[in-house]
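Subject: Structure for your review

Dear colleague,

Please find the structure below, handed over for your work. My notes on it follow.

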Amino acid sequence: MTVVQKNQVLEGEVMDLTHEGHGVIKVNAYPIFVPHALIGERIQYKIIKVKKNFAIGKLIEIYKESDAREVPPCEYYDKCGGCQLQHLNYTAQLEMKRNQVVNLFHRKGKMSHVPIQNTVGMENPWFYRNKSQIPVGGQTDYVEMGYYRQRSHDIINMDKCLIQYEAHNEIMNAVRRLLNHYHITPYDERQQLGLVRHVVLRKGFYTNEIMVVFVLNGTSLPHQKEIIQNLTDAFPQIKSIKININQSNSNVIMGKQSKTVYGNSTIKDIQGDLTFKINDQSFYQINVPQTKKLYDIAVREAGLTGNEVVLDAYCGIGTIALAMAPNAQHVYGVEVVFEAIENAKTNAELNGLHNTTFVAGAAEEVILEWQKQGIQPDVVTVDPPRKGCDSIFIETLKQLQPQKIVYVSCNPSTQLRDVQLLLERYELVNVTPVDMFPHTTHVETVALLKRKDI
Ligand code: SAH
């Protein structure tokens, strides 16, 4: 017999928040997770799921409200899976993200001596996403566009998302009108029928240049000419329109093949003093003002004097590498996406940074090549995807023994795992959380490691 039963209605006080932003209530040490409940709140809740080690509750009523509670400004917030923290005020969100990092590094990693800085927040934490991947669905004769309901692929037909750029909201609404006007079918995942799967929008923060990508279960868009005309008349900032072909039966948003049907194949953006070219496939940080802060921290932690050899692993289109290059002797970048490396080379040219070398390949393989060539890095920066660094990469790093490692991460739990693998040679000196995704539970961190003997 479990501590609680399904459908039971209970009262309790919220003790903690999980990293998913769910309130935690304990009944005889057995945890119950209640989405949308906040620390210190007294609530009534209903048990909706019972597992061996935990249960899930649904918030019914709040008897005592937290001072940190906010009325979510988005009308879709209760349903939409995009944001998780709009009911928590922004200052408290930043504290929560820091606590998450403290719990990981101080408690789980037992490194309580390591300073965890305050989370670097955003001045105006709305309308910040420069890339929107908007699902397209609905009926065969009616197109709906918007983000998915929590834990589902049901589209909420919406006219506004408060965390994507306003221009993206306007273009989303215009595209939906056009698709409906020309009776173009949305893709139906279940039956694998219909044409338009996603509309992907990217916009340069400083340049305002916009790219629109129609992701199709097919090779061409009916009424393409009229649609292009209409969109570019209404939005002259659109500098590139592409068709991406994705005929696979999978959750992957974009297919490998894209063709430009209007304007340029890339758009430009500016970060700090650097100009970047971005195409439809390459990784580019979502939140530009926060990325500037993130890279400034990474550059500061690297503490370059102009003489250092730097390796930038998982370099994407070269953003961190190029931020380091003006203060380094040479920077080597490696990234697995070939097109991103092509962009990185162009970006180095564009910015006159000739002390850079970019190689396409897996970081764990290319670093071995560099080791064979006798390249001896003084500083290594890494910015891997959520799963963290490959263990071969970490092993090679230990052999190369750079003086400093600046580890940028979008997933502090894999970062902790990797840092622990380095601890015999390196000391973790500092961790700074940066809020790249306000109102969501994601947290980005910059960790500085120094070799123990220096
Ligand atoms: N530093 C960049 C990109 C970070 S995102 C920036 O800030 O813009 C992580 C990047 O790692 C992605 O571009 C992804 O394509 C790349 N990647 C994933 N696995 C990799 C691997 N095994 N080797 C090299 N790069 C990899």
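Is Asn130 buried or exposed? Asn130 is buried, because its relative accessibility is 2% and the cut-off for a buried residue is under 20%. Please note that this is a predicted model, and that the values in this message were computed from it.

**Asn130 and its surroundings**

Asn130 sits in the loop that joins helix 1 (90-108) to strand 7. Setting aside residues up to four places away in sequence, Asn130 touches Tyr165, His168, Leu201, Arg202, Lys203, Tyr284, Gln285, Ile286 and Val288. One of these contacts, Gln285, is also among the residues that come nearest the ligand.

**The ligand site**

There are 17 residues around the ligand, and those nearest to it are Gln285, Tyr295, Thr319, Glu335 and Ala363.

- Gln285 places a polar side-chain atom 2.9 Å from an oxygen atom of the ligand.
- Glu335 has a side-chain N or O atom 2.6 Å from an oxygen atom of the ligand.
- Glu364 has a side-chain N or O atom 3.3 Å from a nitrogen atom of the ligand.

**The second largest pocket**

The second largest pocket holds about 530 Å³ of space. Its lining is made up of 26 residues, and Gly137, Gly138, Tyr187, Asp188 and Glu189 lie nearest the centre. Strand 7 (131-139) and strand 9 (196-203) are the elements that give two or more residues to this lining. The largest share, five residues, is supplied by strand 7. Sorted by class, the lining has 11 polar, nine nonpolar and six charged residues.

**Two further buried residues**

Val331 belongs to strand 16 (residues 330-335). Val331 counts as buried because its relative accessibility is 0%. Although Val331 and Leu311 are 20 residues apart in sequence, their C-alpha atoms are 5.7 Å apart in space. Beyond residues up to four places away in sequence, the contacts of Val331 are Val310, Asp312, Ala321, Met324, Ala325, Asn355, Thr356 and Thr357.

Lys398 lies in helix 8 (residues 391-400). With a relative accessible area of 9%, Lys398 is buried. Apart from its neighbours within four places in sequence, Lys398 is in contact with Leu421, Leu422, Glu424 and Arg425.

Yours sincerely

Conventions. Residues numbered from 1 in each chain as written. Predicted model: local features only at pLDDT ≥ 70, side-chain atom pairs only at ≥ 80, totals over all residues. Heavy atoms only, no water. 1 Å grid on protein atoms, 1.4 Å probe; cavity = no way out; pocket = protein on both sides within 12 Å on 5 of 7 lines; lining within 4 Å. Points joined across faces, edges and corners; volume = space filled by probe spheres on them. Helix = DSSP H or I, 4+ residues; strand = E, 2+ residues; numbered from the N terminus. Nonpolar A, V, L, I, M, F, W, Y, C, P; charged D, E, K, R; others polar. Buried < 20%, exposed > 50% of the residue type's maximum accessible area, 1.4 Å probe, protein only. Contact = heavy atoms within 4.5 Å. Near = heavy atom within 4 Å. Polar contact = N/O pair within 3.5 Å; in protein donor to acceptor, adjacent residues only side chain to side chain.
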